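The following paragraphs lead through selected local features of one model. Please keep the sequence and the coordinates at hand while reading.

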Amino acid sequence: RKRPIRLAKEAPLAARDFSGWNLKGLQAYKANLKEANLTKANLTKADLTEANLTEANLKKANLAGTNLEYAKLSGTNLTGANLEKANLKKANLFRANLENARLTRTNLEGVNLEKANLTEANLTGANLENTRLYYANLTGANLEKANLTGAILYKANLNGANLTETQHLRCNQINSAKALNSKTLFPKYLKVSIIGDNKWTCEEF
């Protein structure tokens, strides 16, 4: 049985090219992977707790089941990445690009997603409790069955987002958003009526 690869946190890994590498089970606690190229890398079930992945390229990387708790992912490219069942609790994804990313049943509790791009991302069943989504772009994102307890949607773009069967979504959250349209889908316990361009009313049942 192969032992997981371990990286010392002081190892010079910033800006290195790991594209396409098989790093399954990688042990990289507090590792500095800033600006590293991890395109299409296999990082399933890796431990990247508190790792610095600022502005790293993780396009189409496989991070299923990976621990990214408290990780630094500001400006990171996660386009098309698989983060199913990953743990990103309290991670910082400020301005991260998560377009078309798979975040099904992902733990995003307390994550900073301010100004993040989540266009067409799949967040089915994700935990977004107390997640900060200030100015986030959720155009066409699927949040079906996601937990939105205390999530902050201030100035978020919800055009075409699927919010059906979301848990604990409230009108004050919807009313703080920047945009939504006729293609935005809501849970049955909310009645949202579009009355003009980016104007709506919301009632709770």
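Where is the place of Glu-50? Glu-50 is located in the segment before H1, where helices (H or I, at least four residues) are DSSP runs numbered from the N terminus. The model is predicted, so local features need pLDDT of at least 70 and side-chain atom pairs count only at pLDDT 80 or more, whereas totals for chains, interfaces and linings use all residues. Residues are numbered from 1 along each chain as its sequence is written, and side-chain values use heavy atoms, with hydrogens and water left out.

Backbone geometry is the next topic. Most residues other than glycine have a negative phi. Glu-50, although not a glycine, has a positive phi of about 60°. Glu-35, which is found in the segment before H1, has a phi near 60°, a positive value in a residue other than glycine.

Solvent accessibility comes next. Relative accessible area is computed with a 1.4 Å probe on protein chains only; buried means under 20%, exposed over 50%, and partly exposed in between. Glu-50 counts as partly exposed because its relative accessibility is 33%. Glu-35, at 43% relative accessibility, therefore counts as partly exposed. Phe-18 has a relative accessible area of 5% and is therefore buried.

Phe-18 lies in the segment before helix H1, which spans 171-175. Leaving aside its neighbours within four places in sequence, Phe-18 is in contact (heavy atoms within 4.5 Å) with Leu-13, Leu-23, Leu-33, Ala-36, Asn-37, Leu-38 and Ala-41. Between Phe-18 and Asn-172, which are 154 residues apart along the chain, the C-alpha separation is 44 Å.

How values were computed. Helices (H or I, at least four residues) and strands (E, at least two) are DSSP runs, numbered from the N terminus.
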